[in-house]
Amino acid sequence: MDHAVAVCPALLIAAPASGQGKTTVTAALARLHTRQGRRVRVFKCGPDFLDPHWHTLASGHPVHNLDLWLNGEADIRARLFDAASSSDLILIEGVMGLFDGEPSAADLARRLGIPVLAVIDASAMAGTFGALAHGLRHYQDGLPWAGVLANRVASEGHAQMLQRSLPPVEGDAVGIDAGWLGALKRDAVFTLPERHLGLTVASELPDAVERLDAVADALAQTPLGQLGDVGWQRWAVRFDAVSPARPARRLEGRTVAVARDAAFCFIYPANLDSLRALGAELEFFSPLADEPVPACDAVWLPGGYPELHATTLVAGTRCRASLAAHIAAGRPVWAECGGMMPLFHTLTTAGGDEHPMWGLLPGRVAMQKRLAALGPQRWDTAQGELRGHTFHYSITESPLAPLSRTEAQRAGGRGEAIYALGPVRASYFHAWFASNPEAAASLFLEELV
């Protein structure tokens, strides 16, 4: 049998640092091509929940995360081959700066041969733009390069200065052939709103699509935006087939109820896929709407923003009562980060307001004005290593002795407590289920992990 290969144009959209506009450009580029009838798949580097909301809105498809440590290379290759087999264009948004993190977005681009589009906030520079672009392109040998897009440009004259600053290339290449992919003007409409933890969730903004359309219209006037199907083939990438191992269907015949609404919105689509691959049937419910827990064998309370909806969650007596009954019946609950916070007795906001919460775990949660923890984590379970990450602004005080602790992958980082009370397992740890489906299944079974 011939080895299966899929060829598809692909770009990794990166930047010198966070805050340069790469999320906006990625989502707008996806929106532009989706409007033109192309099938666009978008991915996000690193363990990010918020940017994918915008990319899903722009492309109409689920957005998966790609991280060489979290996923593993085989998992990444399998996801990209699947996308390339049914898409006209693949866009991957980087994380932080191009070379930041271990592994970095540049590591992914080099490993998979994906050309890099650098988005640079040029609002306070002219000739230095060319030096920065040159440095990004040549800092590491073997980095596939597409070009550079200037963001937050003041005028057409400013854009021309930026273009002239790019170092000359061999031959007589100009414009897009020399790596100049265009400029976007400075415009408040082009800025996606933020709050703590990152961008505001796209579904919470009534004008989210209009914002993306405005940037897509601007992109359509750039050399990048005017490329047709033939022009995009300059960035065609070969993706080889990879057959990931199929997990044992340990959740066959079991129903997992998943909280999903504005307070519980940090859900990797890949985690839902993993649960289905394990054999689980999924039912969704909204604690914000005070919906009771559906008939199920286990509950997953994913992360999100319970602190922004504390008053509503406190008033949700039907949801709390049904969850308490579920726990009293000895059925498992996995609560991660924001999903864990309402389980304690009280939640104090950053402004100092204290809310009595569900009281299903002893202890209190308090929001902080500064980030409390961030970074990749591993949990050594009875079924082996389960990988994930942590990212939170709150701290927890509880008399519960942790069942175990995760281990931070970065020097100086702290592991997260895994709390256990009856059938409840709770932690700030966000698990990537595909890293160990056996361990993930155990979170939803009547057994210790």
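Biologist: Which residues form one aromatic cluster?

Modeller: This is a predicted model. Rings pair if their centres lie within 6.5 Å, and by this rule there are 12 aromatic pairs. One aromatic cluster is made up of F49, F266, Y268, Y305 and W432.

Biologist: Is the pair of F266 and Y305 stacked or edge-to-face?

Modeller: The ring centres of F266 and Y305 are 5.3 Å apart, with 75° between the planes. Planes over 60 degrees apart count as edge-to-face. The pair of F266 and Y305 is therefore edge-to-face.

Biologist: Where in the chain do F266 and Y305 lie?

Modeller: They are 39 residues apart, and the pair links distant parts of the chain. F266 is in the loop between β11 and α9, and Y305 is in the loop between β13 and α10.

Biologist: Is F266 buried or exposed?

Modeller: Buried means under 20% relative accessible area. F266 has 6% relative accessibility, so F266 counts as buried.

Biologist: Why is the pair of W334 and W379 stacked?

Modeller: Planes under 30 degrees apart count as stacked. The ring centres of W334 and W379 are 6.1 Å apart and their planes are at 25°, so the pair is stacked.

Biologist: At what angle do the axes of α3 and α4 cross?

Modeller: The axes of helix α3 (residues 73-84) and helix α4 (residues 105-112) come within 12 Å. The crossing is right-handed, and α3 is roughly perpendicular to α4. The angle between the axes is roughly 70°.

Conventions
Residues are numbered from 1 along each chain as its sequence is written. This is a predicted model: local features need pLDDT of at least 70, side-chain atom pairs count only at pLDDT 80 or more; totals for chains, interfaces and linings use all residues. Side-chain values use heavy atoms; hydrogens and water are left out. Axes are lines fitted to C-alpha atoms, for helices over the stretch in contact, and angles run from 0 to 180 degrees between N-to-C directions. Helices (H or I, at least four residues) and strands (E, at least two) are DSSP runs, numbered from the N terminus. Angles under 35 degrees count as roughly parallel, over 145 as roughly antiparallel, 65 to 115 as roughly perpendicular and the rest as oblique. A crossing is left-handed if the near helix is turned anticlockwise from the far one by less than a right angle, and right-handed if clockwise. Rings of Phe, Tyr and Trp (its six-membered ring) pair if their centres lie within 6.5 Å; planes under 30 degrees apart count as stacked, over 60 as edge-to-face and the rest as tilted. Buried means under 20% relative accessible area, exposed over 50%, partly exposed in between (1.4 Å probe, protein chains only).
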